[in-house]
Amino acid sequence: MELAAAKLKFIEAWGKLGSEWGINRTMAQVHALLLISPEALTTEEIMEQLSISRGNANMTLRDLIGWGLIEKQHKAGERKEYFFADKDVWNIARQVAKERKKRELEPVLKILNELSAVNGDEKDPEFLTFKKIYKRH
C-alpha cells in the first residue's frame, strides 16, 4: 500500500473510531490528519486535504482544542494559525477519558447526588424503592 492510500485509510478509520469516543467523524478525521502530519497545519491546509468548508474546519478545530486533543501555535512573522496534535497514543487516550468523564459522567453523578436528597413518606413503597436506588453505602 502506498503512503497516500495508507493515510486516507487511517483518516477514515480514525473518523469511524471517533464516534466511539463521543466525537463526530469530522473531528476525528481532522485529528487523524494532524496526527499523521509531521508539521503543524493551517486551517486552509486542513480544509484542502479533507475537502471541508471553512466553517466546518473552524468549528471542528475549536472543538478539538476544547477536548484538549490539539493545540494552536503561531509562527514568528506569520499571521496564520497552525494546529498540531500530540502524537502519543497514551496521552490521547487519557485526554479522551478525562473529557468523557467531565462531559458525561460528572453531570450524571451530580444529578444522582441531587436526587439522593429526595424527601418523602417512609411508608410509601414507591418512595422507598426510589430512595433505595440512591442510598449510599
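Helices here are DSSP runs of at least four residues, numbered from the N terminus. The model is predicted.

**Exercise 1. Describe how helices H3 and H4 cross, and state which residues make the contact.**

Step 1. The axes of H3 (residues 43-50) and H4 come within 10 Å, and the crossing angle is roughly 115°.

Step 2. The crossing of H3 and H4 is right-handed.

Step 3. Name the residues. H3 supplies Thr 43, Glu 44, Ile 46 and Met 47, while H4 supplies Arg 54, Ala 57, Asn 58 and Leu 61.

**Exercise 2. Find the salt bridge between Arg 54 and Glu 44, and characterise both partners.**

Step 1. Side chains of opposite charge can pair when their charged atoms come close.

Step 2. Check the distance against the cut-off. A side-chain nitrogen of Lys or Arg must be within 4 Å of a carboxyl oxygen of Asp or Glu. For Arg 54 and Glu 44 the N to O distance is 3.0 Å, and the pair is a salt bridge.

Step 3. Arg 54 belongs to helix H4 and Glu 44 to helix H3; they are 10 residues apart, and the pair links distant parts of the chain.

Step 4. Classify their exposure. Arg 54 has a relative accessible area of 40% and is therefore partly exposed. Glu 44, at 34%, is also partly exposed.

**Exercise 3. State how many salt bridges the model contains, and work through two further pairs.**

Step 1. Give the count. There are 6 salt bridges by this rule.

Step 2. Take Glu 81 and Lys 72. Their closest N and O atoms are 3.4 Å apart. Glu 81 is partly exposed at 31% relative accessible area, and Lys 72 is partly exposed at 43%.

Step 3. Take Glu 106 and Lys 101. This salt bridge has an N to O distance of 3.1 Å. Glu 106 is partly exposed at 37% relative accessibility, as is Lys 101 at 43%.

**Exercise 4. Identify the residues of the nonpolar surface patch and the helix that gives the most to the patch.**

Step 1. List the members. Leu 105, Val 108, Leu 109, Ile 111, Leu 112, Leu 115, Val 118 and Phe 130 form a nonpolar patch of about 600 Å².

Step 2. Assign the main contributor. Helix H5 (residues 89-115) gives the most, with 6 residues.

Step 3. Examine one member. Val 108 is in helix H5, and its relative accessible area of 42% makes Val 108 partly exposed.

**Exercise 5. Locate Ala 117 and give its C-alpha separation from Lys 131.**

Step 1. Ala 117 sits in the loop between H5 and helix H6 (125-134).

Step 2. A residue counts as exposed over 50%. Ala 117, at 53% relative accessibility, is therefore exposed.

Step 3. Ala 117 and Lys 131 are 14 residues apart along the chain, and their C-alpha atoms are separated by 8.7 Å.

Conventions
Residues numbered from 1 in each chain as written. Predicted model: local features only at pLDDT ≥ 70, side-chain atom pairs only at ≥ 80, totals over all residues. Heavy atoms only, no water. Patch = residues over 30% accessible without salt bridge, like charges linked within 9 Å, V, L, I, M, F, W, Y side chains within 5 Å. Areas by Shrake-Rupley, 256 points an atom, 1.4 Å probe, with all protein chains shown as cover. Helix = DSSP H or I, 4+ residues; strand = E, 2+ residues; numbered from the N terminus. Buried < 20%, exposed > 50% of the residue type's maximum accessible area, 1.4 Å probe, protein only. Axes fitted to C-alpha atoms, helices over the stretch in contact; angles between N-to-C directions. Left-handed = near helix turned anticlockwise from the far one by under 90°. Contact = heavy atoms within 4.5 Å.
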